[in-house]
Amino acid sequence: MALERTLILVKPDAVQRRLTGEILSRLERKGLKIVGLKMLRITPELSRQHYAEHVERPFYPDLEQFITSGPVVALCAEGPGAIAVCRTLMGATNGREAAPGTIRGDYGQSRSMNLIHGSDGPEAAARELPLYFRDEELFDFDKLIEPVLYEAA
Ligand code: GDP
Ligand code: MG
C-alpha cells in the first residue's frame with residue numbers, strides 16, 4: 001500500500017463547535033501521522049482554488065460563504081492509503097446519511113456544514129496540499145512505531 005499524504009480541513013463549523021481536538025484525535029488514533037498543521041482563514045480566492053470543481057455549481061456561493069466564515073484547521077495526514085482511509089473516517093458528505101462511527105455520522109446533520117474536508121483522490125491531494133502548505137511546512141519524522149501500525153509496503 002503506497003504511502004500517501006492527504007489534505008484535511010477541520011471546517012469552520014467544527015472549529016466553532018470545539019471539535020478540533022476530537023477530529024485530530026480520531027485521525028491520530030487510527031494511526032495516521034500528522035505531518036503539517038496550521039490554523040487559517042480561507043479567503044474567497046483560496047476557496048475558489050480549493051473548490052475549483054464546484055465553482056460553477058448552484059450551491060457554490062453558499063459553500064464559499066460557509067468555508068470563509070471563520071478559521072479552519074488545515075493538516076496534512078500521512079500513511080499507507082491515507083487518502084481513502086481518511087475518506088472512510090469522514091463518512092458520507094451529508095451528515096444525515098453518514099454512517100455512525102464516522103466523523104460526519106457521529107457529529108453532524110448537515111450536507112454543507114459537515115465538519116471536515118479530505119482530498120478525494122491522489123490528484124486532488126497533489127493539487128490541494130500546496131494551496132495550504134509549503135514544502136518546508138511538512139515534516140518527515142518518527143518512523144519507529146510504524147512496524148506495529150501497518151505492514152511494510
Ligand atoms: P465531499 O468531497 O464529501 O466534501 O463533498 P463534495 O466534494 O461533493 O462537496 C464539497 C463540499 O461542498 C461538501 O463537503 C459540503 O461542505 C459542500 N456541499 C456539497 N453539496 C452541497 C449542497 O448541495 N449545498 C451546499 N450548501 N453545500 C454543499
Ligand atoms: Mg469532494
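The shell around ligand 1 comprises 2 nonpolar, 5 polar and 3 charged residues, where Ala, Val, Leu, Ile, Met, Phe, Trp, Tyr, Cys and Pro count as nonpolar, Asp, Glu, Lys and Arg as charged, and the others, Gly among them, as polar. Its members are His 54, Phe 59, Asp 62, Leu 63, Thr 93, Arg 111, Ser 112, Asn 114, His 117 and Asp 120; a residue is near a molecule if its C-beta atom, placed from the backbone, lies within 6 Å of it.

## Model and numbering

This is a predicted model, in which local features need pLDDT of at least 70 and side-chain atom pairs count only at pLDDT 80 or more, while totals for chains, interfaces and linings use all residues. Residues are numbered from 1 along each chain as its sequence is written, and chains are lettered from A and ligands numbered from 1 in the order in which they are written.

## Secondary structure and domain

The chain contains 8 helices and 4 strands, arranged along the sequence as β-α-α-β-α-α-β-α-α-β-α-α. Helices (H or I, at least four residues) and strands (E, at least two) are DSSP runs, numbered from the N terminus.

An unreviewed UniProt entry places "domain: Nucleoside diphosphate kinase-like" at residues 3-140; such annotations may be inferred rather than shown by experiment. Over residues 3-140 the chain is 41% helix and 20% strand, with the end C-alpha atoms 12 Å apart.

## Overall dimensions and packing

The C-alpha trace spans about 45 × 35 × 25 Å along its principal axes. Of the 153 residues, 32% are buried (20 or more other C-beta atoms within 10 Å of the residue's own, with C-beta atoms placed from the backbone).

Note on methods
A residue is buried if 20 or more other C-beta atoms lie within 10 Å of its own, exposed if 12 or fewer, and partly exposed in between; C-beta atoms are placed from the backbone.
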